[in-house]
Amino acid sequence: MKNIDIQTLISEYPLVKRLINLDDVTWFNPAITTLEEGLPYVGLNAGNVKDAEDRLNRFAPYLCQAFPETQVTNGIIESEVVSLPNMQKTLEQRYGVNIAGKVLLKKDSHLPISGSIKARGGIYEVLTHAEKLAIQAGLLTEQEDYSKLFSDAFRTFFSQYSIAVGSTGNLGMSIGIMSAKLGFSVSVHMSADAREWKKQKLRSHGVNVVEYEQDYGVAVEQGRKEAESDPNCFFIDDENSQTLFLGYSVAGQRLKKQFSEMKITVDDTHPLFVYLPCGVGGGPGGVAFGLKLAFGDNVHCIFAEPTHSPCMLLGVHTGLHDHVSVQDIGIDNITAADGLAVGRASGFVGRAMERLLDGYYTLSDQEMYDLLGLLNRDEGIKLEPSALAGMVGPSRISANTEYLQRMNLTPEKMEQATHLVWATGGGMVPQEEMAKYLATAKI
Ligand SMILES: *Cc1c(COP(=O)(O)O)cnc(C)c1O
């Protein structure tokens with residue numbers, strides 16, 4: 001990889017200077033295309049998403065048995081959408097802008113099994129691998145009732161195989177808990193910023209937790225190396241996995257169904273804005289892909305990152321993608337936002353999705369904490385800091401007349417807009433930890 005010359009980069013992309021200064025940056029993508037034009041670059045299509053949906057449906061009877069908390073949704077791992085009437089007013093006051101339309105929250109924070117958005121992609125990839133092994137061994141067919149996997153016989157079968165993953169915490173939780181439940185031997189390689197309680201929870205599920213003094217990139221590399229030396233070990237590659245991406249993408253059709261049940265219209269005169277916290281990119285990228293397929297050009301996806309870890313904004317804006325890291329431009333990649341402390345974005349996701357994303361912005365850790373406190377005060381909803389990254393999105397959009405005009409998002413349309421803040425985690429944060437988060441909020 002060639003050296004990055006910061007001065008050249010700044011002269012070509014002045015916005016990089018503002019990233020280095022850790023300013024709050026908002027960048028709307030001038031090269032956005034229609035879904036039709038952008039789709040071929042993704043390399044995946046609606047058929048692949050349908051495949052993932054079908055696979056998750058096959059596993060639903062198993063999940064009902066293995067995780068009784070999923071029985072209420074018949075073994076489908078899905079979250080609620082709620083409205084935030086009080087928070088919307090608070091946001092308007094805090095940022096001094098009128099937010100036309102309605103602000104809603106997608107509570108992936110409260111997804112069953114692992115309490116974060118990773119319960120979509122992470123679990124899906126483990127299930128995909130398990131299904132493949134069982135079918136290859138002649139122990140399962142797609143037509144059978146998958147609840148048979150919830151048995152000692154299958155646990156013994158899967159115990160011959162192992163799974164490894166590198167994680168800042170939440171991906172490890174999903175993959176660790178799911179893999180251990182099926183019977184796999186599973187190692188989670190955790191970066192220095194991973195929380196102690198997450199490590200403890202994983203160990204209590206029988207997961208082998210390997211700790212590192214370094215950041216996420218190193219944890220992933222070590223996990224990959226360990227897996228390479230063992231042919232029975234499957235490494236889950238958060239940076240490049242299309243399977244993870246597809247697991248997330250299922251959210252699109254599911255949201256469409258939820259919206260129709262809630263009588264929420266999305267069409268040319270009722271735009272939908274979705275604000276997604278971004279780490280390496282697979283989660284928000286996969287969800288955004290599913291949303292584009294479900295709602296077409298009427299959905300506008302915006303990625304949110306910490307000022308200390310703006311890897312996707314940096315990679316897409318400069319076109320360097322995974323050939324540049326935030327450390328290359330002197331940013332430390334230290335943030336309290338679990339899951340977002342990623343210095344180098346997924347090259348796959350950036351290249352696949354850059355034409356289909358409306359914009360990217362950054363916000364400070366303190367802003368996330370303050371919003372965490374405000375959301376708890378106004379709506380009684382408790383999230384982890386990273387899950388608040390999307391919360392400033394509605395004000396950033398509403399304040400940017402250049403973007404709104406360019407996209408022909410007229411005031412009339414904006415009055416009928418839906419702003420969906422994707423809450424990505426927090427449902428399993430222990431009470432003492434949550435008390436610390438709340439105490440950090442200056443409200
Ligand atoms: C992982 C994670 C994200 C972002 O997902 P990526 O796939 O890393 O971009 C956002 N929020 C939380 C809480 C996460 O755990």
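Author: Let's start with two working terms: two strands pair if DSSP finds at least two bridges between them. Helices (H or I, at least four residues) and strands (E, at least two) are DSSP runs, numbered from the N terminus. This is a predicted model, in which local features need pLDDT of at least 70 and side-chain atom pairs count only at pLDDT 80 or more, while totals for chains, interfaces and linings use all residues. Residues are numbered from 1 along each chain as its sequence is written, and side-chain values use heavy atoms, with hydrogens and water left out.

Reader: Thanks! In β3, which residue is the bridge partner of V82?

Author: That partner is L105. The two strands involved, β2 and β3, are antiparallel and share 3 bridges. L105 also stands opposite V421 in β11. Between β3 and strand β11 (residues 418-423) the pairing is parallel, with 6 bridges.

Reader: What is the strand order of the open sheet with mixed pairing?

Author: Its 7 strands run in the order β1-β10-β9-β8-β11-β3-β2. At the edges you find β1 (26-28) and β2 (81-83), each of which pairs on one side only. For angles, axes are lines fitted to C-alpha atoms, for helices over the stretch in contact, and the angles run from 0 to 180 degrees between N-to-C directions. With direction ignored, neighbouring strands of this sheet are turned by 20 degrees against each other on average.

Reader: Which helix lies across β2, β3, β9 and β10?

Author: That is helix α16 (residues 365-379), running at about 90 degrees to β10.

Reader: How should I read burial, and why is β3 called largely enclosed?

Author: Buried means under 20% relative accessible area, exposed means over 50%, and partly exposed is in between (1.4 Å probe, protein chains only). In β3, 5 of the 6 residues are buried, so the strand is largely enclosed by the rest of the structure.

Reader: Now the parallel sheet: which strands stand at its edges?

Author: The open sheet has 4 strands in the order β6-β5-β4-β7, with parallel pairing. Its edges are β6 (208-211) and β7 (233-236); each has a single partner strand, so one side of each is left without a neighbour in the sheet. From one strand to the next, the twist averages 20 degrees. Strand β5 (residues 185-190) is joined to β6 by 4 bridges, and M190 stands opposite E211 there. Helix α8 (residues 170-182) packs on this sheet and touches β4 (162-167), β5 and β7, its direction making about 165 degrees with that of β4.

Reader: Which residues come nearest to the ligand?

Author: A residue is near a molecule or strand if one of its heavy atoms lies within 4 Å of it. Of the 16 residues around the ligand, K118, N170, G281, G283 and T424 come nearest. An N or O atom in the T424 side chain is 2.7 Å from a ligand nitrogen. On the backbone side, a polar atom of G281 is 2.7 Å from a ligand oxygen, and an N or O atom of G282 lies 3.2 Å from an oxygen atom of the ligand.

Reader: How many disulfides does a search of the whole structure find?

Author: A disulfide is a covalent bond between the sulfur atoms of two cysteines. The cut-off here is a pair of cysteine sulfur atoms within 2.5 Å, and the search finds 0. For C311, the closest cysteine sulfur is in C278, 5.7 Å away, too far for a bond. C311 is buried at 1% relative accessibility, and C233 is buried at 12%.

Technical notes:
Contact = heavy atoms within 4.5 Å. Polar contact = N/O pair within 3.5 Å; in protein donor to acceptor, adjacent residues only side chain to side chain.
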